[in-house]
Amino acid sequence: MRNGRAVFVGVLCAGLSMWGLAGVAAQAPKPQAGGVQAQRVHTDLVHLMRGIIYPASNVIFAVQSVDPATIKPENDPSTSPNPLTSTYGQWAAVENAGLALAESANLLTIPGRVCSNGWPVPMQNADWRMWVQELRDAGMASYKAAQSKNQDAIIDAAGVVAEACSHCHDKYREVKVRC
Ligand code: HEC
């Protein structure tokens, strides 16, 4: 019974992703010599947001109201799913979240990714690239604020992050027809 359902879901997903990727196949990075791809897209834009950008930004937003140095590590920090209470917790987690956001700016400009509606991510647009850069800068500002271990600095940086998200969302997420 379970297997039957898994097969059905698998076939459905394969069908959907073929439908979604068909329109952008021409943009997909070509394999380099030896068949190795330097970059490969594994998910659509919405899952990139949910899986990488949203969790990283939540670490930065969380420390607007709590000093990360006061956050108690888990009993076994090595298995904590919460970066702030993990082995690399407290201010280190905030540094890492800033770096994750800055790195994720690269993921927003890899050719071949589609939006949840199947359209190509509009990475050729000047304003898309501008807001990707804003996210990159906000990530690095958070990283530097976390390095300084200064609560006021991280509150300011969190504001810059929130603006970077909403500038792009105002055009490309809220107005569904665009992405
Ligand atoms: C350069 C543009 C851009 C930036 C910057 C950006 N987003 Fe997004 N985001 C989008 C678009 C477009 C969508 C809709 C994606 C889709 O439907 O495929 C989206 C979707 C999302 C979703 C998924 C919502 C759902 O329907 O489940 C989350 C969560 C999200 N963004 C969080 C963030 C956060 C947090 C930030 C800032 C740290 C951010 N995004 C920065 C463009 C951006």
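**View 1. The whole chain and its surface.** The protein chain exposes about 10800 Å², and carbon and sulfur atoms supply 59% of that area. Accessible areas come from the Shrake-Rupley method with a 1.4 Å probe; for residues, only the protein chains shown count as cover. This is a predicted model, in which local features need pLDDT of at least 70, side-chain atom pairs count only at pLDDT 80 or more, and totals for chains, interfaces and linings use all residues. Residues are numbered from 1 along each chain as its sequence is written, and side-chain values use heavy atoms, with hydrogens and water left out. The protein chain has five helices and zero strands. Helices (H or I, at least four residues) and strands (E, at least two) are DSSP runs, numbered from the N terminus. Along the sequence, the pattern reads α-α-α-α-α. Of the 179 residues in the protein chain, 32% are buried. Buried means under 20% relative accessible area, exposed means over 50%, and partly exposed lies in between (1.4 Å probe, protein chains only). Take the contacts between residues at least 6 apart in sequence: 68% of them join residues at least 24 apart. Contact means heavy atoms within 4.5 Å.

**View 2. Helix α2 against helix α5.** Two packed helices are described by the angle between their axes and the distance between the axes. Here α2 (residues 45–62) and α5 (residues 151–172) pack at an angle of about 150 degrees. Their axes are 9 Å apart. Axes are lines fitted to C-alpha atoms, for helices over the stretch in contact, and angles run from 0 to 180 degrees between N-to-C directions. The crossing of α2 past α5 is left-handed. That term applies if the near helix is turned anticlockwise from the far one by less than a right angle; clockwise makes it right-handed. From α2, the residues M49, S57, I60 and F61 meet A158, V161, A162 and H169 of α5. The residues of this contact divide into six nonpolar, two polar and no charged. Nonpolar covers Ala, Val, Leu, Ile, Met, Phe, Trp, Tyr, Cys and Pro; charged covers Asp, Glu, Lys and Arg; the others, Gly among them, count as polar.

**View 3. A proline within α2.** P55 lies in helix α2. Is P55 buried or partly exposed? P55 is partly exposed, because its relative accessible area is 34%. Leave aside neighbours within four places in sequence, and P55 is in contact with M49 and R50. N82 is 27 residues from P55 along the chain, and their C-alpha atoms are separated by 9.5 Å.

View 4. Helix α3 covers residues 90–107 and includes Q90. Its 18 residues reach 26 Å from first C-alpha to last, close to the 26 Å expected at 1.5 Å a residue. The expected span of a helix is 1.5 Å times one less than its number of residues. Buried residues of α3 include W91, V94, L101 and A105. What covers the buried residues of α3? The cover includes α2, α4 and α5. Q90 has a phi near 55 degrees, a positive value in a residue other than glycine. Q90 is partly exposed, with a relative accessible area of 28%. Beyond its neighbours within four places in sequence, Q90 is in contact with P68, A69, I71 and L84. Between Q90 and K72, 18 residues apart along the chain, the C-alpha atoms are separated by 8.2 Å.

**View 5. Helix α4 and the buried W128.** The 23 residues of α4 should span 33 Å at 1.5 Å a residue, and the end C-alpha atoms are 33 Å apart, so the two agree. Among the buried residues of α4 are W131, L135, Y143 and A146. Their cover includes α2, α3 and α5. W128 is buried, because its relative accessible area is 2%. Not counting residues up to four places away in sequence, W128 touches L45, L108, V121, P122, M123, C168 and Y172. W128 and H167 are 39 residues apart in sequence, yet 9.8 Å apart in space, C-alpha to C-alpha.

View 6. K149 lies in the loop between α4 (126–148) and α5. Just after α4, K149 takes a positive phi of about 55 degrees. K149 is a residue other than glycine. K149 is exposed, because its relative accessible area is 52%.
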